[in-house]
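Grab your viewer and work through these exercises one at a time. Have a go at each task before you read its solution.

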Amino acid sequence: MTIGGRYPLAISHGGQTKVHDVPNEALRIDNRDTALRYMSSGVVVVDADARIAFYNERAVALFKVDPCKLSIGQPWREFLRAITETFGWDETRFERAADNHATWMARSQQTRIDQRLADGSVLAMVCEPLADGGGVFTYDDVTDAANSARAHRVLELKAQHSERSFRQLVKGITDYAIYMLNVDGTVANWNAGAERAKGYTESEIVGQHYRAFYSAEDRAAGIPEKNLATALQEGRFEDEGPRYRKDGTSFIAHVVIDPIYEDDGTLYGFAKVTRDRTEQVRNAERIAYMARFDALTGLPNRTQFVEKLDAAIEKAIDGIDHVALVNIDLDGFKQINDTHGHAVGDALLKLLASRMSDGLAAHEVVGRFGGDEFVGFTTYRTPADLDAFLKRLHIALTSPTSITHSSLTPGASLGVAVYPRDADSREKLMNNADLAMYRAKASLLEKICFYTASMDEQARDRRDLGADMWTALEAGDQFFLHYQEQLDVVTGAICGYEALLRWQHPTRGLVSPAAFIPIAESCGAIMPLGDWVLEKACQAAADQDLPRIAVNVSPLQLGDVSLVDRLRAILLRAGLSPARLELEITESAVINDRERALHILRQIKAMGVAIAIDDFGTGYSSLETLRLFPFDRLKLDRSFTKDLERDPKAQAFVEAMLMLGRSLRMTVLAEGVERQTQMALLARIGCGEVQGFLFGKPRSLEQASLATAS
């Protein structure tokens, strides 16, 4: 039975009533229902919502009512109406009785009254109000007791038996400390829960003052005595705070002390209930901490950081102070995770957070939004103050370190936006700092970028171009393919073509792939666009009987497991043998999600489709990538062939790659061949295939065929 977290029980016998008040959890033992259901007194409990929370069989018998008319959860007025006939009430008396019961439950003290039933018998009723609303009603048949001392004695013995049963019930409870204090504050009795919570046995603590559970400071301040005085003055003392065990350790206790009075009003002592709330309090503190701090680094999380940023902006409204927001993104962090493991990555994040936090002034804050994304802000008045803050952050983020025998040199891109110069709101300030950070990330040299208005224009232009791209896909007449020949160095014959996507924008004209491909990847258009290129290229290869067609695949496409099934369907529709299709991927496409990408590539290769690694030598972990997957072709980036005749280092690199290709049984194709001298050198050192403007610029298949024929 649950009433406001407590279980009050009134046991009445012949009008003499004692009230026992214990928590509802205290009755979580097997015999609680038996103890209540078979008490000699009728018991009815009304909760704070004026509904029946409990009644026992004795109450039903005393009311002489059909049990089907009563139920748990029944509104109190309906319950009263069900027993109206037993009490002989008409409608007027029923309303008066309902009002009286409501008044009794609203009082701050017990109400005792004898009620005569319609058959002449008498019930002694006691109402004990509950602190949170509602009440506990007990009923005893005192018909015989009114005229018979013997009957009174029998009832008294029954009540004593019930009280002994109840006392035994409380004594066995282990999850609450429930005990009595004498008037002077000494412990009168002790239950199993008290021994478990505080470590004292009954023989050790009974007779000792309960101040033993308080700290020396609280005892010196007279806190235990003040708490008893509060219980007397206000009718109850309730508190949550530290209490102490026999061994000196502390715990967080929820304590309730109620004064207990004799029938004549004399103070009998105090009922004290203590619950160990340490775990709940610590869990609540942990949840509150996690709601405002990053779990890994201990820095303020997004919620707390934004609150502090708002407060700083509010103070800077006078125009004297400025607020500089810094968005921070770590460079190459994914590679550190992939190469050294996530444990090293997490250790690095914690180290960088600690470095940035060291020496922060009161007007400076650093936080973490997640992953490798950090943020910071400072309130400043002079540019020198801002420069000093940025310098400290940059040093903290880029200084070399060693973690578990791994030597690391982290890097970071910082984007800075200033309030009110760059934005008039927090949302705009955060957006502009983000734009500046992306500019820094794209730059090889400038790793701290300040927001400029042109960044907004560029971002707007990217959004517009992304929207136009979707329109172009629906229209179906703006995208087209050009093809560039790939030649066998020994025979001079065309051994394949590379399909290259072009976009003829209706107002912008021919848009460079370098401009629209990154936008297609960011807006999601790369998936349908990539499928369109594969479809058109495979169909053209089948129709024109091309020896081989090479198609570039985006990292996002390679991360989609459905690519394998879509590619198989495209080949079937085009009627093209998988052996005549080659997919070109960059090293970054594999590095971004190595396991997933290699799994998909293995499935594609099993179909018979060739896989080439494009722009080789410009990315990370090149040799590791070659070791993990048996590529069919290695395409040397044009940066190594550009000055091939004049750069000995470039020659050495190309020769080394040719040797590597031969040892791994991969054909090596050199891109960017534009001069006969390059071609002659590549032929001399044993390069297998070439591609470049020397043999023709990218063009339509018709133009390429005419050029080949001529």
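**Exercise 1. A residue in a strand**

Leaving aside its neighbours within four places in sequence, which residues is A612 in contact with? Then decide whether A612 is buried or exposed.

*Solution.* Keep in mind throughout that this is a predicted model.

- Step 1: Find the residue. A612 sits in strand β24, which covers residues 610–616.
- Step 2: List the partners. Once neighbours within four places are set aside, A612 touches E582, L583, E584, I585, F631 and R633.
- Step 3: Pick one partner and check the spacing. I585 is 27 residues away from A612 in sequence, yet the two C-alpha atoms are 6.4 Å apart.
- Step 4: Check accessibility. The cut-off for buried is under 20% relative accessible area. A612 has 0% relative accessibility, so it counts as buried.

**Exercise 2. Zooming out**

Work out how many helices and strands the protein has, and what share of its residues is buried.

*Solution.* 

- Step 1: Turn to burial. Of the 710 residues, 46% are buried.
- Step 2: Look at sequence separation. Take the contacts between residues at least 6 apart in sequence: 57% of them join residues at least 24 apart.

**Exercise 3. Two helix pairs**

Classify the packing of α19 with α21, then do it for α12 with α16.

*Solution.* 

- Step 1: Get the geometry of the first pair. Helix α19 (residues 526–544) packs on helix α21 (residues 563–574) at about 30°, and their axes are 9 Å apart.
- Step 2: Apply the cut-off. Angles under 35 degrees count as roughly parallel, and α19 and α21 are therefore roughly parallel to each other. Their crossing is right-handed.
- Step 3: Look at who meets whom. The α19 side includes M527, L534 and C538, and the α21 side includes L563, L567 and I570. By class, the residues of this α19–α21 contact come to 9 nonpolar, 1 polar and 4 charged.
- Step 4: Helix α12 (residues 302–315) and helix α16 (residues 426–442) pack at about 115°, with axes 11 Å apart. That makes α12 roughly perpendicular to α16, and this crossing is right-handed.
- Step 5: Name the contact residues. R302, V306, L309, D310 and I313 of α12 meet R426, L429 and M430 of α16. The α12–α16 contact has 5 nonpolar, no polar and 3 charged residues.

**Exercise 4. An open sheet**

In what order do the 4 strands of the open sheet with β8, β9, β10 and β11 run, and which strands stand at the edges?

*Solution.* 

- Step 1: Trace the order. The strands go β8-β11-β10-β9, with antiparallel pairing.
- Step 2: Spot the edges. β8 (177–181) and β9 (237–244) each have a single partner strand, so one side of each lacks a neighbour in the sheet.
- Step 3: Look at one pairing. β9 and β10 (residues 250–261) are antiparallel over 8 bridges, and D239 stands opposite V255 in β10.
- Step 4: α10 (residues 223–234) lies across β8, β9, β10 and β11, at about 45° to β10.

**Exercise 5. A hairpin**

Why is strand β13 largely enclosed by the rest of the structure?

*Solution.* 

- Step 1: Count burial. In β13 (residues 364–370), 6 of the 7 residues are buried, so the strand is largely enclosed.
- Step 2: Find the partner. β13 runs antiparallel to β14 (residues 373–380), joined by 6 bridges; G367 has V375 as its bridge partner.
- Step 3: Check the turn. The hairpin has 2 residues between its strands, and G371 takes a positive phi near 55°.

Conventions
Residues are numbered from 1 along each chain as its sequence is written. This is a predicted model: local features need pLDDT of at least 70, side-chain atom pairs count only at pLDDT 80 or more; totals for chains, interfaces and linings use all residues. Side-chain values use heavy atoms; hydrogens and water are left out. Axes are lines fitted to C-alpha atoms, for helices over the stretch in contact, and angles run from 0 to 180 degrees between N-to-C directions. Angles under 35 degrees count as roughly parallel, over 145 as roughly antiparallel, 65 to 115 as roughly perpendicular and the rest as oblique. A crossing is left-handed if the near helix is turned anticlockwise from the far one by less than a right angle, and right-handed if clockwise. Contact means heavy atoms within 4.5 Å. Ala, Val, Leu, Ile, Met, Phe, Trp, Tyr, Cys and Pro count as nonpolar, Asp, Glu, Lys and Arg as charged, and the others, Gly among them, as polar. Buried means under 20% relative accessible area, exposed over 50%, partly exposed in between (1.4 Å probe, protein chains only). Two strands pair if DSSP finds at least two bridges between them.
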